[in-house]
Amino acid sequence: MSFLGQRSDVGEFRRRFRYHAAFVLLVFAVVLGRLFFLQVVLGDEYGAAARENVVRRVTLATTRGVVRDAQGKVLASNRPSYNVYAVPQQFEGRRPVCVTKTDAWAKAVDYLRLGAEERARIEKRLDDLCGEPGVDPKARKFQQLLVREDVGRDAVAALETHEAELKGIDVVPVPVRYYPYGELAAHTLGYMAEIDREGLVRLRPSGYIEGDRIGAAGVERGWESYLRGSRGWEKTLVDARGTRRAAAQQAERLIDEPRRLDPVPGRDLRLTLDVELIEAVDRAMRGQIAGAAVAVDVRTGRVLALYSKPSFDPNVLSGGFGVQAIRDAFRRLYADPLKPTLDKTVSGSYPPGSTYKPFSALAALEEKLLDPRAEVDCRGFIVYGKRVFRCTHVHGRVNMREAIARSCNIYFYQLGDAIGLDRLARMGIEYGFGQKTGLGVNPEAPGRIPTRSWYATHYKGQYHGGFTLNAAIGQGATTVSVLQLALAYAALANGGTLYQPQIVRAVETSDGAVVQDFPPRVKKRIQLRPENWQLVTNAMWEVVNDKEGTAYAERLSDVDMAGKTGTAQTSHRRVANEDPGRTWYFNRDHAWFAGYAPSKAPEIAVAVLIEHGGVGGKNAAPVAFAAAREFQRLQQARLSPKAAAGPGQRPQRTGGAAPPRPNPQPRGD
């Protein structure tokens with residue numbers, strides 16, 4: 001019966017079987033748990049990682065806003081262009097490598113015909129980005145770096161033909177900034193420049209990336225946030241080599257939502273400038289080497305023209321002709337002693353000369369310290385202390401009105417001595433001198449209106465009465481910008497309203513709808529007694545229209561204008577081994593004219609500076625007269641096209657033959 005009994009080793013087997021079964025179940029449980037963790041808990045994360053290998057987000061360029069003048073003429077726009085970008089880090093098989101180590105990069109260099117220096121510079125930037133610390137490798141994988149912008153059609157065709165071989169190289173359509181009027185109003189409009197490393201660190205949170213261009217000056221810089229817009233993106237499928245492929249069914253399954261973000265174009269700007277008026281100023285300035293002119297609307301403070309000479313071509317500086325052209329242009333511009341990169345309308349500060357005399361006269365009249373009918377005997381000079389102060393002519397006996405019209409320095413020397421420096425300064429500050437205008441386009445020079453305390457600080461208590469005499473005629477330490485002078489004369493013309501200058505009339509959408517409008521803003525209302533204002537403005541009318549006036553010789557009978565000439569002395573330049581012609585030029589006085597038209601119902605105020613131009617009445621006044629005449633013609637043409645002569649035509653003088661000019665040389669300054 002032993003065969004019916006249980007064998008002794010069966011129990012041992014069963015015990016071992018249970019252990020093995022438990023171990024197998026435990027292993028399966030661990031595997032199933034791990035699969036659950038990977039597929040369910042981390043399923044979305046790994047699914048996203050898998051999709052990243054076949055889905056690429058391609059940047060869609062935005063369109064920068066268009067800048068137009070007040071009449072709708074395009075001043076800055078965009079033209080079609082193609083940029084080539086390299087993705088710094090791509091995947092070669094399963095191993096991430098930098099794009100510079102791939103065959104695709106070598107082929108792209110050949111197709112783009114990159115020089116050795118340019119190639120080395122770009123490869124260094126790409127290698128730096130590949131190893132840049134603190135950058136997420138997943139983000140770096142699709143980061144784009146600009147290789148070359150505005151490539152030619154042949155290069156674009158070659159790159160697109162060999163697209164399958166050029167893994168990590170993208171050709172992106174990008175509009176290029178274009179300025180139809182070239183150098184005209186270039187300082188005001190500005191130009192574009194590639195963002196530098198420091199700027200990129202600061203602006204990366206705002207969406208800027210390596211290779212972006214940003215407004216570097218003028219309106220382009222001041223209104224960057226409006227003009228820029230925001231780029232979009234689109235998701236597309238790529239194969240193992242990174243080549244794009246079209247597979248609609250797979251796209252539906254692999255590309256998650258959202259699949260596309262459309263770029264938002266930048267806002268358009270409508271400026272207050274009138275480009276036809278600026279063209280007229282440019283024609284009138286062709287005989288001059290350097291200078292500036294500003295025209296403002298007397299009734300609103302809106303800037304009608306800003307002109308600075310010499311200028312530059314913003315198309316070159318914005319990259320339209322390549323990197324080397326930019327370098328050559330800046331090298332040439334910075335070496336030019338005439339400072340073509342300086343916006344002389346707002347960034348330059350100059351002694352105003354006799355254009356400041358109306359404000360000195362108003363200071364004396366408002367303080368009731370002088371009788372305007374009292375006469376001063378001008379013998380061509382006066383002795384003050386140990387110094388001799390001279391006049392441009394021997395004017396004889398003149399009162400205030402005649403002193404303004406003939407620009408008699410002797411009268412104003414005595415006026416300044418009578419009222420004192422601080423009273424002169426107070427009137428200048430009332431009219432906006434010595435402080436920035438707040439135009440907000442380019443860096444502004446505040447100018448300087450010196451006071452007794454200013455001289456005490458800068459001259460260590462060595463104050464001299466001659467400082468006051470110089471200040472009364474706009475010399476010495478007194479300096480103003482051309483825009484400040486134009487705004488001050490606009491305030492003289494309209495009876496005392498000093499406006500905040502404006503250069504942008506409205507922000508618009510691409511279809512012309514107004515997003516934001518900017519009405520005129522009054523900065524200050526200057527309180528003057530009417531009889532004082534009338535006396536000074538009548539004297540300014542005589543500057544242009546009286547035979548003894550300093551601008552009479554250059555007047556136009558069809559332009560009703562009042563104003564004041566100025567000839568501002570400059571410090572004498574002595575440079576060893578310098579060209580005598582250059583020394584002669586830089587030692588000449590600055591020529592000024594500031595005025596407004598029409599004199600009875602003013603609409604436009606103009607200030608003109610001719611750097612080292614000599615006599616103001618002879619050289620600066622004709623430019624202002626030409627600007628006023630063109631403004632008048634444009635106004636008539638826009639109201640009644642048949643009533644005005646064509647551009648560049650000289651309207652016939654009214655009232656028969658032109659009155660005789662008793663002296664072809666202007667009197668005084």
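How many residues lie between β16 and β17 in their hairpin, and which glycine in the turn has a positive phi? Keep the question in mind while you set up the view. The model on your screen is predicted.

**Stop 1: the hairpin**

Select β16, residues 291-297, and then β17, residues 303-309. The two form a hairpin with five residues between them. The glycine asked about is glycine 301, whose phi is about 80°. The strands run antiparallel and are joined by six bridges. To see one of these bridges, select glycine 291 and look across to lysine 309 in β17, its bridge partner.

Now colour β17 by burial. Seven of its seven residues are buried, so the strand is largely enclosed by the rest of the structure.

**Stop 2**

β26 pairs with β27 through seven bridges, in the antiparallel sense. Select alanine 562 and you will find tyrosine 596 of β27 opposite.

**Stop 2: two cis peptide bonds**

Return to lysine 309. The peptide bond from lysine 309 to proline 310 is cis, with omega near 0°. Proline 310 is in the loop between β17 and α13 (314-317).

Next, select alanine 597 and proline 598. They too are joined by a cis peptide bond, here with omega about -20°. Proline 598 belongs to the loop between β27 (590-597) and β28 (604-610).

**Stop 3: positive phi without glycine**

Select alanine 185, in the loop between β9 (176-178) and α7 (186-189). Alanine 185 is not a glycine, yet its phi is positive, at about 60°. Is this residue buried or exposed? Its relative accessibility is 11%, so alanine 185 counts as buried.

Serine 407 sits in the loop between α16 (400-406) and α17 (409-419). With a relative accessibility of 0%, serine 407 counts as buried.

**Stop 4: aromatic rings**

Show the side chains of the aromatic residues. How many aromatic pairs does the structure hold? There are 20. Begin with tryptophan 223 and phenylalanine 518: their ring centres are 5.6 Å apart and their planes are at 75°, so this pair is edge-to-face. The pair links distant parts of the chain, 295 residues apart. Tryptophan 223 is in the loop between α9 (218-222) and α10 (224-227), while phenylalanine 518 is in the loop between β24 (514-517) and β25 (521-525). Both residues are buried.

Move to phenylalanine 359 and phenylalanine 433. Their ring centres are 5.2 Å apart with the planes at 80°, so this pair is edge-to-face. Here 74 residues separate the partners: phenylalanine 359 is in helix α15 (residues 357-366), and phenylalanine 433 is in the loop between α18 (421-430) and α19 (452-458). Phenylalanine 359 has 1% relative accessibility and so counts as buried. Phenylalanine 433 is also buried, with a relative accessible area of 0%.

**Stop 5: charges over rings**

Select arginine 228 and tyrosine 208. The charged end of arginine 228 sits over the tyrosine 208 ring, 3.8 Å from the ring centre. Then select arginine 555 and tyrosine 552, where the charged end of the arginine sits over the ring, 3.7 Å from its centre.

**Stop 6: helix α4**

Finish with helix α4, residues 116-130. At 1.5 Å a residue, its 15 residues should span 21 Å, and the end C-alpha atoms are 21 Å apart, which agrees. Which residues of α4 are buried? They are Ile122, Glu123, Arg125, Leu126, Leu129 and Cys130. Look down the axis of α4: the buried residues fall within an arc of 160°, so they line one face of the helix. An α-helix has 3.6 residues a turn, so residues three or four places apart point the same way. Turn to the face away from the buried side of α4 to find the exposed residues Ala116, Glu117 and Lys124.

Key
Residues numbered from 1 in each chain as written. Predicted model: local features only at pLDDT ≥ 70, side-chain atom pairs only at ≥ 80, totals over all residues. Heavy atoms only, no water. Helix = DSSP H or I, 4+ residues; strand = E, 2+ residues; numbered from the N terminus. Expected span 1.5 Å × (residues − 1). Buried < 20%, exposed > 50% of the residue type's maximum accessible area, 1.4 Å probe, protein only. Arc of directions from axis to C-beta. Phe/Tyr/Trp six-rings, centres within 6.5 Å; stacked < 30°, edge-to-face > 60°. Lys NZ or Arg CZ within 6 Å of the ring centre and 35° of its normal. Pairing = 2+ DSSP bridges.
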